[in-house]
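Let's take a friendly walk through a protein model, one topic at a time. Keep the 3D view open as you read.

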Amino acid sequence: MKKLGNYVTGRWINGDGEGQALYNAVNGEPIGYASTRGLDFNAILAYARKTGNPALRTLTFHERGLMLKALALHLRNHLDKFYAISYKTGATKADSWVDIEGGIGNLFSYASLRRKFPNEPYCVDGDAIPLGKGGTFMGQHILVPKEGVAVHINAFNFPVWGMLEKIAVNLLAGVPAVVKPATITSYLTEAVVQEIIASGILPEGSLQLLCGSAGDLLDHVTAQDVITFTGSASTGLQLKSHPRILAENVPFTMEADSLNCIVLGNDVTPNMPEWDIFIKEVRREMTTKAGQKCTAIRRIFVPQNKMEDVWLALGKALSQTTIGNPENDKVRMGSLAGQSQREEVLSQVQKLLASSQIVYGSLDSVQVVDADAKKGAFMSPLLLKNEKPFDSEAVHSVEAFGPVSTIMPYNSTDEAIALAKKGKGSLVCSIVTADNKIARDYVLGAATYHGRILVLNNECAKESTGHGSPLPLLVHGGPGRAGGGEEMGGARGVKHYMQRVALQGSPTAITAITNVYQTGAQTREDEKHPFRKYFEELQIGDTLITHKRTVTEADIVNFANVSWDHFYAHTDHTSLQGTIFEKPVAHGYFILSAAAGLFVDAKKGPVLLNYGLEECRFVKPVYAGATIGVQLTCKEKIEQEKKDENDIAKGIVKWLVQVSDETGEPVAIATILTMVAKKSQ
């Protein structure tokens, strides 16, 4: 029998002893054993901190992102292998697609997110803050990678996605990971990690894998580490209360199973497309991964007068779901992850039946295709009905982690909100309605108890990713019972693995530290125009002080005619009474255009094009007779990758444009972007 390997301290190691036996969820046949006995967990964490962390934190965001992209492309070459193993977990091809290719998709998403960060190992966070009247003292937050390791304790239901969605984030942040998948399906995680390690794409120490017990791993964590947990609320609370975690104040993010709900709006009737959308969504959430999803719909709230119509429609839809061997193309729902999981689900159903009744499905039998229902961990979808949801606590607190959901009535939107909140915090809820007022009232009433809300109607249904699909750039987590944490969330998730530091100092010092020009910092001006410099030659703080130009009445009139902007403040002397203007004022965009005329170097050179305008403020009126000048300063440089071998090597340069009048007071401030060629092609 195969024993799963643990990839730790730079090599594959088998744990001592026989370990935990693992079984094929579809036919009950043994797969192998998993053990971590005999491993030195303290040494594993130390290896990540001393080897993996320095290697990652010296890379820039862009380099880390390209590393994730390369890894995603590599894993796509081994999909057939992963799918073949995934079927043994009871997952259908569609289930496996979510787990495997959905996980790889997270790598691609975070690879692309690199463009939101500088080509530095660290980044600034938020705006600069003036702290002194004279402009010589300021504050700025920055984010640097933590010097520890991300410890991921994952659930059994998504052995690939659960790992990849987490490590994509910590690797982009510059922090290594130790992944501890749930043992029951860890054989699929191991197969993916084998390919990751074989690729040689990640720096050594960036990723370690434990297939088996976590042992005394948490006894050795430090304040520089980050722990994430996905699983049951009770286990999460136990881990979160670990003395070492409390003593060291180790950041702990929990994503726990929750009693997620869906609401059918009062406005929806059987002849509306939203009715079919609702039925389809509930069926999908009950049967995808055999209901083994932390985001699955456990509570269904429908208007009192539509209860019977809805449960009959759901029963009909569920009856059309073919259950059996996931390798059979006709099968739409596979097995649970194992016999022990099925027993756990059935025991939870018994608790629910104390106040509810089954309106579809059977506890004792299930019809399967191409499989043995007794040998495999199969069970029938179960739709329960509870007529008194305000009087029943079990339906809002007991979760059967399988294809089980309970339908309940409500009489008003306020009641639907109150019932949704009785789950005491959920990862996600959905409302299906064609009435945007109902949607607004529900969202604003229920938002405090949910991490994500899907508003579903006919307009978005075709493109909707569905109730149960967390997305890389949106937060995945929820308050209360759902764990109180957040995963993914785009840049928000990356910052979770970084230390926020408030810097205080002079603008020149902060500029030198952040590599972003701060207003008031020292500048450099030389005879060479900044637009004559290639991307590599430009330095943060390079400045041009332009000659000056006097604005005339003809300028204002001509710009109005060219732009067709005849706003009264620019052209109508008779309409200025009661305004802030003394006489017709120059257009703000004329001032910006005139500024460009002052600072642009007209000859062909390294500047390829104007890339855009990031921010612009017109802070003082400019009248005819005023004389303006510009200070142009190189503010920030952003590397760009070549699209192909024929592309021009280039980067984006942000310029601070400060326009002042003859009194020296600013009249306009803007950040413009140019695309600048590199000298080395």
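The report below looks at cores, a helix, some paired strands and a few ring contacts in this predicted model.

## The nonpolar cores

Start with the largest nonpolar core, which has 56 residues. Five of its members touch the most other members: Leu75, Tyr110, Leu164, Ile196 and Val494. Several elements give two or more residues to this core, namely strands S5 (30-34), S9 (177-180) and S10 (207-209), together with helices H2 (61-76), H3 (79-86), H4 (93-112), H5 (161-173) and H6 (186-199). Helix H5 provides the largest share, nine residues.

Which residues does Leu164 touch, leaving aside its neighbours within four places in sequence? Its contacts are Leu75, Gly103, Ile104, Asn106, Leu107 and Ile196. Apart from this core lies another one, of 35 residues, with Phe535, Val551, Leu598 and Val657 among them.

## A closer look at helix H6

Helix H6 has 14 residues, and from its first C-alpha to its last it reaches 20 Å, close to the 20 Å expected at 1.5 Å a residue.

Is H6 largely enclosed or largely open? Ten of its 14 residues are buried, so H6 is largely enclosed by the rest of the structure. The buried ones are Ser186, Tyr187, Leu188, Thr189, Glu190, Ala191, Val192, Val193, Glu195 and Ile196.

Now find strand S28, residues 666-677. Ten of its twelve residues are buried, so the rest of the structure largely encloses this strand.

One partner of S28 is strand S25 (residues 607-618); the two run antiparallel and are joined by nine bridges. Cys616, for example, has Ala670 in S28 as its bridge partner. Strand S27 (residues 650-660) also pairs with S28 in the antiparallel sense, over eleven bridges, and Gly651 stands opposite Val676 in S28. S27 and S28 form a hairpin with five residues between them, and in the turn Gly664 has a positive phi of about 90°.

## Aromatic rings that meet

Two values describe a pair of aromatic rings: the distance of the centres and the angle of the planes. The count of aromatic pairs here comes to nine. In one of them, the ring centres of Phe158 and Trp161 are 5.9 Å apart with the planes at 65°, so the pair is edge-to-face. Phe158 is buried, with a relative accessible area of 11%, and Trp161 is buried with a relative accessible area of 11%.

The rings of Phe559 and Phe590 have centres 5.6 Å apart and planes at 65°, so this pair is edge-to-face. Phe559 lies in helix H16 (residues 553-563) and Phe590 in helix H18 (residues 588-599), so the pair ties together parts that are 31 residues apart in sequence. Phe559 has 19% relative accessibility and counts as buried because the cut-off is under 20%. Phe590 is buried, with a relative accessible area of 6%. Elsewhere, ring pairs link Phe531, Phe599 and Trp655 into a cluster.

## Charges over rings

Finally, look for two charged side chains placed over rings. The charged end of Arg64 sits over the ring of Phe61, 4.9 Å from the ring's centre. Lys637 lies over the face of Phe535, at 4.7 Å from the ring centre, and Phe535 belongs to the core of 35 residues.

Technical notes: Residues numbered from 1 in each chain as written. Predicted model: local features only at pLDDT ≥ 70, side-chain atom pairs only at ≥ 80, totals over all residues. Heavy atoms only, no water. Core = buried A, V, L, I, M, F, W, Y, C linked by side-chain atoms within 4.5 Å. Buried < 20%, exposed > 50% of the residue type's maximum accessible area, 1.4 Å probe, protein only. Helix = DSSP H or I, 4+ residues; strand = E, 2+ residues; numbered from the N terminus. Contact = heavy atoms within 4.5 Å. Pairing = 2+ DSSP bridges. Phe/Tyr/Trp six-rings, centres within 6.5 Å; stacked < 30°, edge-to-face > 60°. Lys NZ or Arg CZ within 6 Å of the ring centre and 35° of its normal. Expected span 1.5 Å × (residues − 1).
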